[in-house]
Amino acid sequence: MRVWSVKLDPGERQAWHQHHLPYLIEPMTEGKNIMYFEDGREKETNETPGHVLWREPGIPYELLNISDWQYRNVLIEIKPAPAGR
């Protein structure tokens, strides 16, 4: 697995990126964001600490914090087992 933290101040955008592996999101704060997808779709997210989210890999997107507080989460990407194990 690969683990990293995400921090977005109010109005801040996370740059366009894509996940090629499934992943979990553990919100550390309340989250009110909009996901903008490369195909033009938009999805508003409302996250709560203690409620882990599962996401499948997908198309590129960017994330915008539309709240008036800093949003933080821990993202855990699930990597495949090494060959031969």
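**View 1. Three salt bridges occur in the structure.** A salt bridge is a side-chain nitrogen of Lys or Arg within 4 Å of a carboxyl oxygen of Asp or Glu. Side chains of opposite charge can pair when their charged atoms come close. This is a predicted model: local features need pLDDT of at least 70, side-chain atom pairs count only at pLDDT 80 or more, and totals for chains, interfaces and linings use all residues. Residues are numbered from 1 along each chain as its sequence is written, and side-chain values use heavy atoms, with hydrogens and water left out.

**View 2. Glu77 forms a salt bridge with Arg2.** The closest N and O atoms are 2.4 Å apart. Glu77 belongs to strand β8 (residues 71–77) and Arg2 to strand β1 (residues 2–8), so the pair ties together parts that are 75 residues apart in sequence. Strands (E, at least two residues) and helices (H or I, at least four) are DSSP runs, numbered from the N terminus. Glu77 is buried, with a relative accessible area of 5%. Arg2 is partly exposed, at 40%. Buried means under 20% relative accessible area, exposed over 50%, and partly exposed in between (1.4 Å probe, protein chains only).

**View 3. Arg13 forms a salt bridge with Glu62.** Here the closest N and O atoms lie 2.7 Å apart. The pair links distant parts of the chain: Arg13 sits in strand β2 (residues 13–17) and Glu62 in strand β7, 49 residues apart. Arg13 is partly exposed, with a relative accessible area of 43%. Glu62 has 12% relative accessibility, so Glu62 counts as buried.

**View 4. Arg41 forms a salt bridge with Asp39.** Their closest N and O atoms are 2.9 Å apart. Arg41 is partly exposed, with a relative accessible area of 46%.

**View 5. Arg55 is buried yet has no salt bridge.** Arg55 lies in strand β6 (residues 53–55). The nearest side chain of opposite charge is Glu47, 4.0 Å away. For charge, Lys and Arg count as positive and Asp and Glu as negative; His and the chain ends are not counted. Leaving aside neighbours within four places in sequence, Arg55 is in contact with Pro22, Tyr23, Ile25, Met35, Thr45 and Glu47. Contact means heavy atoms within 4.5 Å.

**View 6. Phe37 and Tyr61 form the one aromatic pair found in the whole structure.** Their ring centres are 5.9 Å apart and their planes stand at 45°, so the pair is tilted. Phe37 lies in strand β4 (residues 31–37) and Tyr61 in strand β7 (residues 61–65), so the pair ties together parts that are 24 residues apart in sequence. Both Phe37 and Tyr61 are buried. Rings of Phe, Tyr and Trp (its six-membered ring) pair if their centres lie within 6.5 Å; planes under 30 degrees apart count as stacked, over 60 as edge-to-face and the rest as tilted.

**View 7. Pro27 is a buried residue of strand β3.** The strand covers residues 23–27. Pro27 has 1% relative accessibility, so Pro27 counts as buried. The C-alpha atoms of Pro27 and His51 are separated by 7.2 Å, although the two residues are 24 apart along the chain. Leaving aside neighbours within four places in sequence, Pro27 is in contact with residues including Glu47, Pro49, His51 and Arg72.
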